[in-house]
Amino acid sequence: MTSLTEKRAPRPQPEARKIRGKVHLREHLMGWLFVGPFGVVFLAFLIAPLGYALYLSLFQKKLIGGTSFVLFDNYVKAFTDPSFLSGAWFVIRFSLVSIPLQIVIALALALILDSVTTLFARFSRLMIFLPYAIPTVIGAVMWGFLYSRGFGPLTDIFGLFGATAPDFLSSDLIFYGLLNVVTWQWAGYYMIILYAALQGVDPTLYEAARMDGAGRWQIATRIKIPLIAPALILILVFSLIGTLQFFNEPQILRYLAAGTIGADFTPNMYAYQQAFSLANFNYGSAISFALGGLVFICVYAFLFFTRKRRSFL
Amino acid sequence: MKRRRILATVAMLAAGTGLVACSSDEGGSDASNCTNTITKQNVPVVTMWGWYPNTQLVVDNFNKQHDDVQVCWTNVGQGSDEYDKFQTAISAGTGAPDVIMVEADRIPTFQIQGALVDIKQYGYDAVKANYSEGAWKDVSVGDAVYGVPVDGGPMGMIYRKDIFDKYKITPPKTWAEYEQAAQKVKDAGGPLFGDLGANVPAVLMALQIQKGATPFTSDPAQPNAIGVKLNDQASKDVLDYWGGLAKKGLVGTQDQFTPEYISGVINGNYATYISAAWAPGYLTGAGVGKGQDTGKFAVAPLPQWDPANPVQVNWGGSAFSVTKQAKKPELAAKVAYGLYADKESLTDGWTNQIIFPLNLTALKDPAFADLKVAFFNGQQANKEVYLPAAEAYKGVAYAPFGQYYLDAMTKQVSEIIKGSVTGSQAADRLQEDVAKYAKEQGFTVQ
């Protein structure tokens with residue numbers, strides 16, 4: 001034992017390096033240990049299913065002839081499939097209208113609530129946020145009933161003016177019917193995010209602006225909005241991803257209006273129909289991946305055009 | 001209240017079965033969580049999925065009457081809920097029951113995937129005479145039999161007697177008269193005469209068949225070939241007829257089986273409802289024909305195209321099939337043949353309007369024919385309408401991709417309602433769409 005320590009003594013430097021290396025290794029291990037639980041879940045519930053779906057999407061199963069490897073044929077089919085393309089075109093159109101609308105409403109509400117500090121403002125904030133707390137499915141069912149011309153309030157309201165109520169579940173108006181449901185549900189949520197961002201702005205900036213003679217409108221447009229731009233871009237990305245993956249609301253309203261909302265109404269619904277009601281998991285997977293690609297392109301394009309303003313990604 | 005009590009009973013029974021299952025390990029592992037209680041021990045068990053409201057009674061009756069086999073029943077959901085589970089079990093190769101309740105139009109879909117057993121060799125001859133030829137055709141693919149018929153949906157025209165009386169019309173016997181009557185009611189400021197629902201393509205399919213269409217044909221000698229004929233003149237005529245009625249504002253264009261439609265039926269917004277024999281039970285459950293509306297409904301035979309050569313058609317109906325995953329197909333077939341085929345179960349089914357039976361022992365029961373249906377204010381609906389319709393029904397060959405066909409039809413009917421295509425154009429588009437899908441699925445389309 002003693003001889004060992006004696007031997008060690010004259011060579012302190014490599015030993016120190018070794019110890020440092022051991023510490024490093026231990027730190028590494030500790031790091032992996034900490035990441036471990038997340039890593040396992042991440043691999044098991046995200047990477048593995050994605051990989052499996054990708055694998056499935058490279059095959060084709062026919063009622064006659066069974067399963068065969070087709071490489072990217074399913075993708076070629078998806079991008080020439082009128083059902084997928086019309087669904088994709090619908091969600092893109094829907095995004096172009098619904099996202100700006102929601103953001104404008106959310107921003108206006110957040111700015112108003114930020115500059116008013118009465119008890120009423122707090123109450124309003126809660127009420128505006130409330131629709132987000134209602135599950136999407138319940139919200140869609142509720143609106144389905146409100147749109148009803150047989151027993152919904154629309155007939156009575158329009159009746160007062162001697163007009164017939166519009167049918168928001170008809171082919172012509174379903175776009176607006178869904179637009180209303182989505183805006184109702186999400187504008188309050190976005191409002192809260194923007195409101196929180198506004199609360200983080202240093203109030204001395206407003207004071208300085210006021211001393212320089214800026215009015216309320218100028219403070220809002222020149223100071224508040226530029227300062228919360230990162231939050232705005234964040235919710236834009238959220239809503240873009242959410243809208244392109246549109247599923248819950250139309251799927252629920254389909255029970256009331258299957259004629260208007262076809263099984264291929266949005267790409268996600270089409271993937272669901274293919275996989276679960278037509279037992280075509282391969283093509284369903286391919287549609288999901290194709291939609292994923294579409295979402296990626298749209299989000300990337302958006303981030304590219306706003307790259308100067310973003311700070312969170 | 002009643003439903004709640006049933007639910008409570010089911011829950012209690014489920015709990016009870018759990019206890020029984022714990023105490024005895026005699027049965028197979030699949031039979032460990034039946035909804036029903038199996039009292040006879042050391043007897044082979046056959047598992048079964050089904051959703052008839054009186055399945056409990058039906059299964060108990062069967063188990064009481066048999067000492068060589070016992071049924072273990074699970075309700076995994078109704079219609080597409082069950083089909084989705086069965087489909088998953090087929091894909092997985094495990095998890096399916098031995099016997100499954102399926103609607104007749106689904107049989108080819110599962111059969112083509114090799115998921116069902118041809119039960120002709122397991123005692124078909126002994127029960128052949130118990131069902132009509134049309135009933136057997138609906139559960140057959142080619143010469144092979146893939147199910148035992150249980151209930152059917154012979155079609156008739158349900159109408160509001162009060163509306164017919166008010167506008168002085170008699171039940172139309174032909175479709176031409178139907179349109180005239182609709183026009184008459186409209187001109188007098190009355191309600192809509194009927195409804196063209198995009199979400200009930202099966203009705204339009206039946207009405208096309210009534211005019212002489214044969215949407216799908218298959219030849220057992222060539223299982224890879226299928227005839228798809230969705231745009232022949234008869235199919236076009238029927239779509240044009242209904243599209244015309246909708247365009248003229250004679251019928252509504254509301255999706256059916258929705259609260260909106262039912263509230264319309266209750267409010268008397270529709271003078272007629274073209275539907276099947278199970279409709280009175282469904283409508284009663286949905287709250288129609290109660291309170292002020294009691295006894296306002298009546299039923300008449302389905303209007304015809306050619307009254308000299310009437311054709312009767314069917315909407316809905318179900319059967320018991322044996323799955324390929326059954327370990328003892330012969331035993332499973334015995335269950336499929338015997339379940340819901342005893343007098344006691346059948347009588348319970350038709351007196352409570354749960355099913356329109358296809359078993360001839362029930363159909364020929366004088367009490368069945370004489371039944372005074374409360375929903376129709378005591379009208380003997382079976383004798384007057386549904387029995388003759390069921391007897392004259394010839395059967396249909398369904399498609400092995402029925403779900404796709406029905407979804408595609410819904411899409412086209414929606415276009416007709418929108419007014420963007422005529423019925424004929426919709427039929428052409430449907431033909432193109434479905435034929436393309438059939439080819440994609442590897443069929444030779446004829």
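**Entry 1. Helices α18 and α19 of chain B**

Which handedness does the crossing of α18(B) and α19(B) have? I looked this up first, bearing in mind that the model is predicted. The crossing of these two helices, α18(B) and α19(B), is right-handed.

I then turned to the geometry of the pair. Two packed helices are described by the angle between their axes and the distance between the axes. For α18(B) and α19(B), I noted an angle of about 155° and axes 9 Å apart. That angle makes α18(B) roughly antiparallel to α19(B), since angles over 145 degrees count as roughly antiparallel.

Next I listed the residues that meet. From α18(B) they are B:Y404, B:Y405, B:A408, B:M409, B:Q412, B:E415 and B:I416. On the side of α19(B) I found B:G423, B:A426, B:R429, B:L430, B:D433, B:V434 and B:Y437. Sorted by class, this contact of α18(B) with α19(B) has 9 nonpolar, 2 polar and 3 charged residues.

**Entry 2**

The strands β8(B) and β9(B) (residues 222–228) run antiparallel and are joined by 4 bridges. To locate this pairing in the model, I noted that B:F216 stands opposite B:V228 in β9(B).

**Entry 3. Helices α9 and α10 of chain B**

Helix α9 (residues 201–211) and helix α10 (residues 233–247) of chain B pack at an angle of about 125°, with their axes 8 Å apart. The two helices, α9(B) and α10(B), are therefore oblique to each other. Their crossing is right-handed.

Which residues of α9(B) meet α10(B)? I found B:L204, B:L207, B:Q208 and B:K211 on α9(B). Their counterparts in α10(B) are B:A234, B:S235, B:D237, B:V238, B:L239 and B:W242. By class, I recorded 6 nonpolar, 2 polar and 2 charged residues in this contact of α9(B) with α10(B).

**Entry 4. Domains of chain B**

I moved from elements to domains. Chain B is divided into domain 1 (2–152 + 316–370) and domain 2 (153–314 + 373–445). I noted 29 Å between the C-alpha centres of these two domains of chain B. Their contact takes 25 residues from domain 1 of chain B and 27 residues from domain 2 of chain B.

On the domain 1 side, α4 (107–111), α6 (133–138), β13 (314–322) and α16 (366–370) of chain B each supply at least two residues. The element that gives the most to this side is α6(B), with 4 residues. I counted the classes on this side of domain 1 of chain B as 10 nonpolar, 8 polar and 7 charged residues.

**Entry 5. Chain A: domains and a helix pair**

How is chain A divided? I found domain 1 (2–56) and domain 2 (73–305). The centres of these domains of chain A, taken over C-alpha atoms, are separated by 45 Å.

I then looked at helix α11 (residues 229–244) and helix α14 (residues 281–305) of chain A, whose axes come within 10 Å and cross at roughly 160°. That makes α11(A) roughly antiparallel to α14(A). The crossing in which α11(A) passes α14(A) is right-handed.

In α11(A), the residues that meet α14(A) are A:L236, A:V237, A:L240, A:I241 and A:L244. They face A:L294, A:V295, A:C298, A:V299 and A:F302 in α14(A).

**Entry 6. Where chain B touches chain A**

I ended with the contact between the chains, which takes 29 residues from chain B and 19 residues from chain A. On the chain B side, the elements giving two or more residues are α3 (80–92), α11 (259–267) and α18 (402–418) of chain B. The largest share of this side, 9 residues, comes from α18(B). By class, the side of chain B that touches chain A has 9 nonpolar, 14 polar and 6 charged residues.

Notes. Residues are numbered from 1 along each chain as its sequence is written. Chains are lettered from A and ligands numbered from 1 in the order in which they are written. This is a predicted model: local features need pLDDT of at least 70, side-chain atom pairs count only at pLDDT 80 or more; totals for chains, interfaces and linings use all residues. Domain bounds come from an automatic or database domain assignment. Two strands pair if DSSP finds at least two bridges between them. Two residues are in contact if their C-beta atoms, placed from the backbone, lie within 7 Å. Ala, Val, Leu, Ile, Met, Phe, Trp, Tyr, Cys and Pro count as nonpolar, Asp, Glu, Lys and Arg as charged, and the others, Gly among them, as polar. Axes are lines fitted to C-alpha atoms, for helices over the stretch in contact, and angles run from 0 to 180 degrees between N-to-C directions. Angles under 35 degrees count as roughly parallel, over 145 as roughly antiparallel, 65 to 115 as roughly perpendicular and the rest as oblique. A crossing is left-handed if the near helix is turned anticlockwise from the far one by less than a right angle, and right-handed if clockwise.
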